[in-house]
Amino acid sequence: MASSDVESRLSDFEFRLERLTQAYYRWKAACFAAVCEVPLTGDDVALINVVNIGSEPKRLSEVGQLLNRVDIPNLQYATRKLVRAGLIETEGSSSRKETRYRTTAKGQAAAAAYAALRGETLPPMLDALDEWVANLEKTGKRMDLLASLYGQAAQIAISRRHQS
C-alpha cells in the first residue's frame, strides 16, 4: 500500500488508528454492558450518548452530523433498537425527517452509570501517560482536523470515481 516513506508512515498511522478505533468501540460496548442489561455495540453507545447530550431532542440528521456518519439506514436501525430497548423515545411528527429522539429515564440512568464507570476506570489509567491532560485539547483539535482531511479526501475519491 505504500510506494514512499511518507506513504509507509501514513499506512502505519492508519493501522494504529484502526486499532484504536476498534479498541475504543469495544471499550464502549463493554462499559455500557457493565451498567445496563441491553447488549449494545460501540456504535449504539455512541448514538445514545449523542442523543443524551443536552436537553433538546435531536433529529436523526443531527445525530449523523455530530457523529460524522452518513449511513442513515444504519442509524435508523440503531434508533429503532434503542427505542425497543426503552433507552430512547421518539418525539414529533410521523415524518422520518421531523422525528426527534431523546433519552428516556432508563436511558439517562444508563448513560449516567456509563459515565460514572468511565470516570472510575479510564482517568487513572490515562494518568500514566505523561502530560495526557495537558495535551488533550491539542490532540482533540488535531483529531478534528484529521477527520476533516479524511472527509475531504473521501469527496475527492468519490468525484474521481464518477469522472469518465
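1. In this predicted model, the largest nonpolar core holds 21 residues, and those that touch the most other members are F32, L40, L47, L82, L87 and I88. Helices α1 (5–35), α2, α3, α4 and α5 each contribute at least two residues to this core, and the largest share, 5 residues, is supplied by α2. In soluble globular proteins, nonpolar side chains tend to be buried together.

2. L82, one of the core residues that touch the most other members, deserves a separate look. Leaving aside residues up to four places away in sequence, L82 is in contact with L40, D44, L47, I48, L87 and I88, a list that includes the charged residue D44.

3. The sheet is open and has 3 strands in the order β1-β3-β2, with antiparallel pairing. Its edge strands, each of which pairs on one side only, are β1 (58–59) and β2 (88–91).

4. Two packed helices are described by the angle between their axes and the distance between the axes. For helix α2 (residues 42–52) and helix α5 (residues 105–126), the angle is about 110 degrees and the axes are 10 Å apart. Because angles of 65 to 115 degrees count as roughly perpendicular, α2 is described as roughly perpendicular to α5. The residues that meet are V45, I48, N49 and N52 from α2 and G107, Q108, A111 and Y114 from α5; by class, this contact has 4 nonpolar, 4 polar and no charged residues.

5. Most residues other than glycine have a negative phi. N68, however, which is not a glycine, has a positive phi of about 60 degrees, and its place is in the loop between α3 (60–67) and α4. Since exposed means over 50% relative accessible area, N68 counts as exposed at 59% relative accessibility.

Key
Residues numbered from 1 in each chain as written. Predicted model: local features only at pLDDT ≥ 70, side-chain atom pairs only at ≥ 80, totals over all residues. Heavy atoms only, no water. Pairing = 2+ DSSP bridges. Helix = DSSP H or I, 4+ residues; strand = E, 2+ residues; numbered from the N terminus. Axes fitted to C-alpha atoms, helices over the stretch in contact; angles between N-to-C directions. Parallel < 35°, antiparallel > 145°, perpendicular 65-115°, else oblique. Contact = heavy atoms within 4.5 Å. Buried < 20%, exposed > 50% of the residue type's maximum accessible area, 1.4 Å probe, protein only. Core = buried A, V, L, I, M, F, W, Y, C linked by side-chain atoms within 4.5 Å.
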